[in-house]
Amino acid sequence: MEAKTKTLVERMIKDDKEAFNKLYKAYSAKLFRMAYFITGNRSDSEDIVQEAFMKCFLHRKKLRQPERFESWLYQIMVRTAWRFNGRKNKKNELSFDEILEDENNIRMAEAIQKEDTSGPLEQILEKENAIELRTMVNSLKQKHRTVILLFYYNDLSIKEIAHVTGTFEGTVKYRLHTARTLLRKQLEADYISKSEKEGVCHE
Amino acid sequence: MSENWNSKLKKLIQSEVESMNLEGDAQKQILEDIHNQLNERSKFMKFSKRKMMVIIVASAMMLGGVTAMASGKIAGWASHSDRNEDILTIGELEKAASDRLEANLVIPENLMDGSAFENGQINEIQGLDEKQNVMVTYPEVYAMYGEEGDGSITLSISKSTMQIPEGTASYDSEEVYGGINLQAKTDQYLFLPLNAEPSEADKSLAAEGKLFIGTGSSEEERKVLKSVFWIKDGLEYKLFTYSNKSLEDMVTLAKGIIDGK
C-alpha cells in the first residue's frame, strides 16, 4: 500500500470525512467492478458499494492495521455481496458443490496447477469474448465467482482469499478447482457445440 | 492446467472485470447517499441514546428506585453523560468504569449470541425530589452490543446506593443461578413525539404501571423491553433489549456474562 493511501486511512480512522471521500474515490470503481463480477447486476453492485463504504466508515475504528485496509475493504464488500445475493433467488446457479467437496479435490486443485494440457481449450480461450465469459461466470455459484475474482483479478494468495472470504485455505482451494473445472467444462462444451455447427471434426 | 491456460484465463477475467464501469454520476450519487445515510444514522443514534436513557432511568425506577420513591424522597430522575464521545474500546470502558465504580470490572467484549461490543458510556444518574433538588447520585456504566452498529443489547452496571428490593416489583421469571438471583421481565413502552399527548387508555395503563411512556420520538412507537437484573459483588447489572430476542434468550445471555463466557 502506498504511503499516501495509508495516511488517508489513518486520517479516516480519526473521523476525517474528507479522507474517507478520497478513499471512496480511489476504491469505489474497483469495488464496483468486483461486486458486478460477483452479482452480475449493475444496480445491486451500486447498492453493495454503498453499503460496503457505509460499513467501512462506521467500523473504521475496528481497523487496527491501516496497511491492511484493502483486504479489509474487500472482505466487507465480498460479505456484503454474499448477503445481498443470499436474499435473491438462486435458481440460476449450478449445484456442483457435492461433486468436489472432499480431500481428493483439494489435492486435485493443487495438482491441476502442474497439469500441462493443450488442445481445444486454448483455442477456445482465444476465441471467446468477454460476453461469453460473463455468461459462463454467471452460471457459477457466487462463492466460486468470488474465488475466481480474488485469485485472477485481485491476485490474492489462497491464504488471503481464505481471510477475505472467512473460509479455510482448503475450502478456497477446492472452490478454485471447482470454479475452474466448471468453466473448463462449459468452455469445452461450448467449443464442441460451435465446432459441430461449423462442421469441425474432433478426434 | 497449463500456465498458458492460467494466464489466458487471467487475462480474460481481468479484461472482463475492467470492462465494467461505475459511471461518474452514479459514483457521485452513491457518495452523496452514503453521507446522507451517515448523517441520518448519526441523528438516529443520538435519538436512540436519548430513548435508551429514558429506559435506563425507568429501569432504575423499577428497581432500586422503588425504595427511594416509596420513601417519598425521589420524584424524578435525570441522567448526564460523563463525556461527549462514546467509549469505543472495551479496554477503555473497563478502565474508566472500574475507576468510576471503584471496582475491578470485567466487561465482556462479546455476548454468547455473537453480539459484539460497539460502544460504551458512563452516565451520572441523579434522583430528584419534587423541587428538583438532587437527592441521590450514582454512576452507571453502559456497554452496547449488537451487529453492524445497531447497539441492540445494552448491559448497564451501577454501584447504586440503593439495593434491589425484594418483593416490591413483579418479574416474569426469577431463578437462582450460581448463587445469584436472576430476575427477568418484559415491559411495554410507548414513545411519542415531543408535543403528542398519550391517549386516555395509555394514560390509564401508565397509571397502573403497565406502560412506560417516553417522549422525543419522531413518530409514535410501541416497543417491548426485555430486561434481566442481578447483583454480583455489590454491583447492579441490567441487561436489556428492544430487539426480537425473547426473555429466555436474554436470561441465557445474562448467564453467559455471569459465567464470563
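**Pocket and helix packing in chain A**

The second largest pocket has a volume of about 560 Å³. The model is predicted. Helix 4 (residues 69–86) of chain A supplies the largest share of this pocket's lining. Helix 4 of chain A also packs against helix 10 (residues 158–165) of chain A, with axes that come within 8 Å.

**Second largest pocket**
- The lining counts 15 residues.
- A:K62, A:W72, A:Q75, A:I76 and A:R79 lie nearest the pocket centre.
- Six of the lining residues come from helix 4 of chain A.
- By class, the lining has three nonpolar, six polar and six charged residues.

**Helix 4 with helix 10**
- The axes of helix 4 of chain A and helix 10 of chain A cross at roughly 55°.
- The two helices are therefore oblique to each other.
- Helix 4 of chain A makes the contact through A:S71, A:Y74, A:Q75, A:V78, A:R79 and A:W82.
- Helix 10 of chain A contributes A:H163, A:V164 and A:T165.
- This contact has four nonpolar, four polar and one charged residues.
- A:Q75 and A:R79 belong to this contact and are also among the residues nearest the pocket centre.

**Helix 1 with helix 2**
- Helix 1 (residues 3–13) of chain A and helix 2 (residues 17–39) of chain A pack at about 135°, with axes 8 Å apart.
- That angle makes helix 1 of chain A oblique to helix 2 of chain A.
- Their crossing is left-handed.
- Helix 1 of chain A brings A:T5, A:L8, A:V9, A:R11 and A:M12 to the contact.
- Helix 2 of chain A brings A:E18, A:A19, A:F20, A:K22, A:L23 and A:Y27.
- By class, this contact has seven nonpolar, one polar and three charged residues.

Definitions and conventions: Residues numbered from 1 in each chain as written. Chains lettered and ligands numbered in written order. Predicted model: local features only at pLDDT ≥ 70, side-chain atom pairs only at ≥ 80, totals over all residues. Heavy atoms only, no water. Axes fitted to C-alpha atoms, helices over the stretch in contact; angles between N-to-C directions. Helix = DSSP H or I, 4+ residues; strand = E, 2+ residues; numbered from the N terminus. Parallel < 35°, antiparallel > 145°, perpendicular 65-115°, else oblique. Left-handed = near helix turned anticlockwise from the far one by under 90°. Contact = heavy atoms within 4.5 Å. Nonpolar A, V, L, I, M, F, W, Y, C, P; charged D, E, K, R; others polar. 1 Å grid on protein atoms, 1.4 Å probe; cavity = no way out; pocket = protein on both sides within 12 Å on 5 of 7 lines; lining within 4 Å. Points joined across faces, edges and corners; volume = space filled by probe spheres on them.
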